[in-house]
Amino acid sequence: MNKKRTIIIVSIVSTLLLLTLGGFTYAYFTGVISGTGKMNTITIGSLNVEFSESANINVTLGKPILDSNVLTQGYKNTFTLGHKANAKLDSCYKLSLVIDNIQSKFAVNSLKWEIVEGSTVITSGHFSGAASGDQIVLLEESLSKNVTKTYSLIIWLSYSSTEDQSNLLIGNSGVSLTAHVKVENQSSNDSNKCLPPIKRSGTLAN
């Protein structure tokens, strides 16, 4: 009987770690999306992340486009962050893009990404030097339990008038990239007192 009770207690502790420091309570969660099917919603602790398409990303980009046209012509995946109705804690979260497959010839400055809120760019970067297995931090911020935010991940091949980009195109197939979103959430009763996330990983089924 004591042996069974010990196993149950260890299992609970490995799932949720609570710390009380200076009167503040923190809970740490990490979710990793993997697989090839659609995963439209990620729930980590009390934080919900809902994607318009999927957290699993499979992008094929055709001809290069002007940076000014990315909102209408680039690959777009919109996602909304919020909390469960009974949430008691704020969230300090980090969204990363884990690259599953990218050819080295496509890992260039002209393959770009942005996180936008409406038409406002929040964060941005490129895939220069990226390799399969690398992680790119897309967004890292706090979110109060009563706040909902909507962002879009934009990926595109940026047109350059000074570079020969013909080597980036393979017939009509264009540039291809497969990746998935990783979400880390640190919950707190004060989003201004976030601690660095503890690395606790798990796989969410499709």
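A: Buried means under 20% relative accessible area, exposed means over 50%, and partly exposed lies in between, computed with a 1.4 Å probe on protein chains only. This is a predicted model, in which local features need pLDDT of at least 70 and side-chain atom pairs count only at pLDDT 80 or more, whereas totals for chains, interfaces and linings use all residues. Residues are numbered from 1 along each chain as its sequence is written, and side-chain values use heavy atoms, with hydrogens and water left out.

Q: How many salt bridges does the structure hold?

A: A salt bridge is a side-chain nitrogen of Lys or Arg within 4 Å of a carboxyl oxygen of Asp or Glu; the structure holds 3 of them.

Q: Which residue forms a salt bridge with Asp67?

A: The partner is Lys112, with the closest N and O atoms 3.0 Å apart. The pair links distant parts of the chain, 45 residues apart, since Asp67 lies in the loop between strand S5 (56-61) and helix H2 (70-73), while Lys112 belongs to strand S8 (residues 111-117). Here helices (H or I, at least four residues) and strands (E, at least two) are DSSP runs, numbered from the N terminus. Asp67 is partly exposed, at 37% relative accessible area, and Lys112 is also partly exposed, at 23%.

Q: Are Glu184 and Lys94 buried or exposed?

A: Both are buried, and their side chains meet in a salt bridge at 3.8 Å, N to O.

Q: What does Lys149 form with Glu141?

A: Lys149 forms a salt bridge with Glu141, the closest N and O atoms being 3.8 Å apart, and Lys149 is partly exposed, with a relative accessible area of 25%.
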